[in-house]
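This report takes up the nonpolar core, the sheet and the ligand surroundings in turn.

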Amino acid sequence: MAYYSIVEVCDREKKEKLALLCDNQPMIAKAPLVWIFLADAQKWLNYYHESGAVEKANDLPYRPIGLGDLHLALQDTIIAAHNAVIAAEALGLGSCYIGDVIENFEELSDLLHLSGSVIPGAMVIFGYPKTDNAVKPTPRCPVDSIFMKDSYREPHLKEMEAAYFEHEEQKRRIQSLPYENTGTLADFYYRRKHTSAFMREMNRSTEVMFRRWVEGDS
Ligand SMILES: Cc1cc2nc3c(=O)[nH]c(=O)nc-3n(C[C@H](O)[C@H](O)[C@H](O)COP(=O)(O)O)c2cc1C
């Protein structure tokens, strides 16, 4: 039971508009393949109503769509997106998630003609990877800093410093930490991401889309 749909954006003008809506990232318009993975309960609601399944089951109380459906549909959608990423890699293609697809929901919805309980879950652009290996991968956290057994242990300063030590060192080497490179990785992400305009917009837009998911178009 696929709780998702995929829109491939091919139209040049749409790709350009999409690039603007996704925090103005021109690489989106230039990408050879652009896929938007939508969490989609609407098609199932349509099926239940239009097939008469709802009417036939009049012994059952009608259950409106809710946040549980949303959570499950997002899992489905993101699994589909990541399978596409892995398949692309196996074919020697490159891919990049575009998190900014959850911004500007109203305009995205108009652009793609979304309605009812259909919202963006993920977006991936595909292309041909550079061969010069110019991009240094982000250091990974040590496994024991993210993997916990039997119960959750809330990480605090000591654990976070240990987990992100290498990442912080990499940023310090390329002189990209704030406060003239004397700052920490926390300073970097707090300034660059947590307090950014794009995160504010993601939060505004997500509130609108989650509300429409449960309320429909009405
Ligand atoms: C959820 C998610 C959203 C992302 N959104 C963007 C984006 O909007 N623009 C972008 O250039 N890269 C985006 N990326 C890619 C990251 O910036 C990064 O290049 C990529 O995850 C590779 O990182 P790695 O070095 O950790 O492997 C995103 C990655 C993830 C996982």
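## Nonpolar core

In the largest nonpolar core, which has 34 residues, the members that touch the most others are I28, F37 and M123. A nonpolar core is here a set of buried Ala, Val, Leu, Ile, Met, Phe, Trp, Tyr and Cys residues joined through C-beta atoms within 7 Å, where buried means that 20 or more other C-beta atoms, placed from the backbone, lie within 10 Å of the residue's own. Two or more residues of this core come from each of α1 (12–21), β2 (33–40), α5 (67–90), α6 (105–112), β4 (118–127) and α11 (197–215), the elements being DSSP runs numbered from the N terminus, with helices (H or I) of at least four residues and strands (E) of at least two.

This is a predicted model, in which local features need pLDDT of at least 70 and side-chain atom pairs count only at pLDDT 80 or more, while totals for chains, interfaces and linings use all residues. Residues are numbered from 1 along each chain as its sequence is written.

## Sheet

Four strands, in the order β1-β2-β4-β3, form an open sheet with antiparallel pairing (two strands pair if DSSP finds at least two bridges between them). The edge strands, β1 (4–8) and β3 (94–97), each pair on one side only. Between β3 and β4 the antiparallel pairing runs over four bridges, and S95 has F126 in β4 as its bridge partner.

## Ligand surroundings

Around the ligand lie Q25, C96, Y97, I98, G99, D100, P137 and T138, with C-beta atoms, placed from the backbone, within 6 Å of it.

Methods. A residue is buried if 20 or more other C-beta atoms lie within 10 Å of its own, exposed if 12 or fewer, and partly exposed in between; C-beta atoms are placed from the backbone.
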